[in-house]
Amino acid sequence: MDLLVGLSVWSCTRLLTNMTPLMFTRVQDCAMIFPVLVLLVLLLLCGPASSLQRETQNIKNSEDTPKGQKTETVDYSTAQTDKCSYTFIVPQQKNNGAICVNSKEPEALLENRVNRQELELLNSELQKQRRQIDALHQLVEVDGGVINEVKLLRKESRNMNSRVTQLYMQLLHEIIRKRDNALEVSQLETRVLNHTNEMARLAVRYHDLEHKYQRLSELAGNQSALLLQLEERCKQETYSYSTVQERSRPVLPQPPIQMPALSPGGYRPFHPPAYVHHTNNHMNNEIQNDQNPKTLPQPTMPSAAHSFTNEPLGPFKDCLEALESGYTTSGMYLLKPEKSNKLMQVWCDQRHDPGGWTVIQRRQDGSVNFFRNWDTYKQGFGNIHSEYWLGLENIYWLTNQGTYKLLVILEDWTGRKTFAEYAGFRIESEADFYRLRVGRYHGNAGDSLTWHNSKQFTTLDRDHDVYAGNCAHYQKGGWWYNACAHSNLNGVWYRGGHYRSRYQDGVYWTELRGASYSLKKVTMMVRPNANTFH
């Protein structure tokens, strides 16, 4: 019985030894190994287990006993006859090597030696399998960590890819934006170059026109001097001819002379005798103040041959004094303001109620160019019977001898007439660039001059406005520009009213018809202020 159990254990261990490597290499072999392990456990729990333990103990005792000493072996097989027996069916195993059996040794030693060798092999295989299992556990743990790291790396890679895509799109948008900005900058540079070239061409043209104007001014001055010389020669010839005629003519008695009554201003109105038809009129209807003063004729007092007393019969300080002296007809008069030794030719308007208006500016047909320089606006220019500007210096002396008011009469191309009156009007001296001072407004044309109050006069060559550029270049005239104008009565005279121009440079009064409507007629005139409105 013990031999059968030993053979069974040996067969099981051999089977387990042969099948153990496959157990860890193939999962499907576990189903075959599991019944064998169950049977081995049952065998160990039953009788054979005790015999196996006994045999193991005997092997240990034999190892501990010296070689010369015999070991006593007790045979328990006879005593245990009532125990059950087991029959194991195990797979057939091929023996590849030779089996050596020492027939001389006892059967018990042979069994012990076989069992010992098998147990050692089984222990070694179990330890080897345990080490392999530990290695597999370590590999599984390492592989699990690696897999998690790979997953994290994949997630980070996806995040980095999305971030790189966003950065690429931002870079692409930035490149497109910079390209658009570069294109706009190039377009602006091209426009600036074009405008610069245009300004250069206009500057060259302006200089050419200025030279032409200077040459024409010099020519006009020469012509004026020539005319003066011719007039003097005519005077001398006429005087010599009249002297010869008087000497050859018999002397006739003259009728008594009637002296005219004195005017309220202390002057006698002058009426030339009817027989003096050769007397030359010293007043010229052309404003000559814009020419060279050395070549201009100086206004003179009426000749003593035509007066009846030694008292002066003129000139007047303003047109109101001429009206009060009995001159009620509108026309050309000679004025000499107080505190000034200058004589000026003006147009006195005695028709507008209450009369006594001195015209300082008139626009009516566009016959005179008002785009002039500073010196021309200072001295005055134009034709008294048509369009003219009295001159800033003359207006200064005229309006600073008392309190004057301003009347502006406006007429559009439909024949509608309106007016704007200001209770106070005067300008400062040239040291303050003829700064404008106006008072309270009254009228039906709208107030378009108060905005220019306290502003200095500006021309194309003297910029005194508050605008960054020169308003005179845009408005094509001279005026008390602010930044730039609500009124431009010295602008370009356009026919028909509405005009097309790059700038608002017409003769306009903004509150009346707007800045894009050029008026037909404009008259500016002043009168001493008696606290009465027109």
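**Basis**

In this predicted model, local features need pLDDT of at least 70 and side-chain atom pairs count only at pLDDT 80 or more, while totals for chains, interfaces and linings use all residues. Residues are numbered from 1 along each chain as its sequence is written, and side-chain values use heavy atoms, with hydrogens and water left out.

**Entry 1: the second largest pocket**

I looked up the second largest pocket and noted a volume of about 1,200 Å³. A pocket is an open set of points on a 1 Å grid over the protein atoms alone, where a 1.4 Å probe fits, with protein on both sides within 12 Å along at least five of seven lines. Grid points are joined across faces, edges and corners, and the volume is the space filled by probe spheres set on the points.

I found 27 residues in the lining, which means residues with an atom within 4 Å of a point. Leu-202, Tyr-206, Phe-371, His-473 and Lys-476 lie nearest the centre of the pocket. Helix 4 (107-248) and helix 8 (471-475) are the elements that give two or more residues to this lining; helices (H or I, at least four residues) and strands (E, at least two) are DSSP runs numbered from the N terminus. Helix 4 gives the most, with 13 residues.

I then sorted the lining by type: eleven residues are nonpolar, eight polar and eight charged. Ala, Val, Leu, Ile, Met, Phe, Trp, Tyr, Cys and Pro count as nonpolar, Asp, Glu, Lys and Arg as charged, and the others, Gly among them, as polar.

**Entry 2: salt bridges**

I searched the whole structure and recorded eleven salt bridges, each a side-chain nitrogen of Lys or Arg within 4 Å of a carboxyl oxygen of Asp or Glu.

Lys-317 and Glu-338 pair at 3.5 Å, N to O. Lys-317 lies in the loop between helix 4 and helix 5 (319-324) and Glu-338 in the loop between strand 1 (331-335) and strand 2 (344-349), so the pair ties together parts 21 residues apart in sequence. Lys-317 is partly exposed at 28% relative accessible area, and Glu-338 is partly exposed at 38%. Buried means under 20%, exposed over 50% and partly exposed in between (1.4 Å probe, protein chains only).

For Glu-387 and Arg-363, I noted 3.7 Å between the closest N and O atoms. Both residues, Glu-387 and Arg-363, are buried.

Asp-432 meets Arg-435 at 3.0 Å, N to O. Asp-432 is partly exposed at 23%, whereas Arg-435 is buried at 19%.

Lastly, I recorded a network of salt bridges linking Arg-426, Glu-428 and Arg-437.
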